[in-house]
Amino acid sequence: MDILTKKVKGAEDILPADSYKWQLVEEIMREEAAKSGFKEIRTPVFEHTVLFNRSVGETTDVVQKEMYTFDTKGGESITLRPEGTAGAARAYLEHAIYNDGLPVKVFYQLTCYRYEKAQAGRQREFHQFGMETYGAADPKADAEMICAANGIFDRLGVSDIRLELNSIGCKTCRKDYTNALKEYFTAHKGELCETCLSRLDRNPMRILDCKNESCKNIAKDAPVVLDYICSDCSAHFDKVKTFLDAADVSYTVNPTIVRGLDYYTRTVFEFVTDSIGAQGTVCGGGRYDGLIEELGGQPTPALGFAMGIERLMLVMKAQGIELPEEETCDLYIAALGDEAEKKAFSLACMLRSASLAVETDIVGRGLRAQMKYANKIKAKYSVVIGDDDLKNNKVTIKNMSTHDTVETSLDEDKFLEAMTDLVVGQQEELISGLLGEDAGTFFEALKNLNG
Ligand code: HAM
């Protein structure tokens, strides 16, 4: 196939027939984030390479093998973001957002880039929704973060997903664990891949998330971090669990979770499903109490998570979760003849500026084809304007599902009034259907609210 019409491997298009699903899911995520006081942050798609080296970590798979790094014409090393935490932390410091008062809570929806082997649920360009909190050391913050992620799965109706939890300790207790790992992996030196051999001295914990089969096999029996955490970290972890219990969020402790990025401390967690094959981790996150200081800021406890939206979509599909597409066109205006077309066009513009969704012909179709199109786009109402209608200043608006009709004038204000009545009436009918007996009280309250 011609390269001109072929996308780059590992990237995906989101087509018009599917984009409404993304919009719905993203809207739900935004709403859930807002409920806990998180505000959106948007950061650039690229950052200085050194930011990711420092935060994600020099010895991680992401930095060593997966980053899209290039030199600009000015000779700067730039990297397409492989994740959202580093950029958000950089912006937090650069704009001194901490001056607005702590905690600072942000969320983001962004594309990420990792040069990985592309397969179902693993792409080279993918989308993350993430949330981050700065300035909260309390275990309640960990529980709030986990509950927020859990709330998104609940809202979307995703059920077959489990929360796995671990604590990987702090700087102090990590030392003992690192020594234990060094000792263990040194005894298996001959079976480690080149990359992991170099990790042995610098950061043996990263051997635990190597994707090489031989390394994975050895890692299975390695010492687990939970056995090495100090009493403060242990008490913190216990409290996180207590708050999750209080919120009725179920979890299992999985002592093998260490996450693949270097900045984590204490609580780490993943939401995992078996319904989408090998790439079953839909969401991952945890605490990173050392990152802000590492980037030059004051010591600041912080934590967050990110979920992969492609993986979430796969889970929803696998679990048969339907996202109904909303019919969006309120009115289709068909027209026959030059003058009628002008009227149709001006009416469409007027109605759109009054917030109605309106379509009219823009490709020169005949009347029959226009009506066929109105059916195809599932217009809620249609109207046909011909020369006679113009002369008589009268048209008939038709409800496309019930075929009920309403006659109205073509004068802009009268036409708008007729359409508004119809659309509002339809909405009220819909609400009544949903509310049943309570509908009367609801409309009364609404009237009072609106004065
Ligand atoms: P992560 O575990 O590397 O964490 O990625 C989070 C999620 O992004 C994964 O659970 C997965 O759903 C999705 N994901 C990762 N790589 C791919 C890929 N190649 N294709 C499709 N989806 C992918 C982070 O990125 C951290 N920044 C999360 C975080 C935020 N921790 C604290 N705050």
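Modeller: Start with a definition: a polar contact is a pair of N or O atoms within 3.5 Å. Keep in mind that this is a predicted model.

Colleague: How far from an oxygen atom of the ligand is a polar side-chain atom of Arg114?

Modeller: The distance is 2.9 Å, so the pair falls within the 3.5 Å cut-off.

Colleague: Which residues lie at a nitrogen atom of the ligand?

Modeller: Glu116 has a side-chain N or O atom 2.7 Å from a ligand nitrogen. Phe305 uses its backbone instead, with an N or O atom 3.3 Å from a nitrogen atom of the ligand.

Colleague: How much of the ligand's accessible area does the protein cover?

Modeller: On its own the ligand has 660 Å² of accessible area, and the protein covers 96% of that.

Colleague: Which elements give two or more residues to the shell around the ligand?

Modeller: They are strand E6 (125-134), strand E10 (281-287) and strand E11 (302-308). E10 supplies the largest share, five residues.

Colleague: Which residues come nearest to the ligand?

Modeller: A residue counts as near if one of its heavy atoms lies within 4 Å. There are 26 residues around the ligand, and the nearest are Glu83, Thr85, Glu116, Arg259 and Tyr264.

Colleague: What is the make-up of the shell by class?

Modeller: The shell has 10 nonpolar, nine polar and seven charged residues.

Colleague: How is the whole chain divided?

Modeller: Domain 1 takes in 16-170 + 229-318, and domain 2 takes in 344-450. Their centres, taken over C-alpha atoms, are 45 Å apart.

Methods: Residues numbered from 1 in each chain as written. Predicted model: local features only at pLDDT ≥ 70, side-chain atom pairs only at ≥ 80, totals over all residues. Heavy atoms only, no water. Polar contact = N/O pair within 3.5 Å; in protein donor to acceptor, adjacent residues only side chain to side chain. Areas by Shrake-Rupley, 256 points an atom, 1.4 Å probe, with all protein chains shown as cover. Helix = DSSP H or I, 4+ residues; strand = E, 2+ residues; numbered from the N terminus. Nonpolar A, V, L, I, M, F, W, Y, C, P; charged D, E, K, R; others polar. Domains from an automatic or database assignment.
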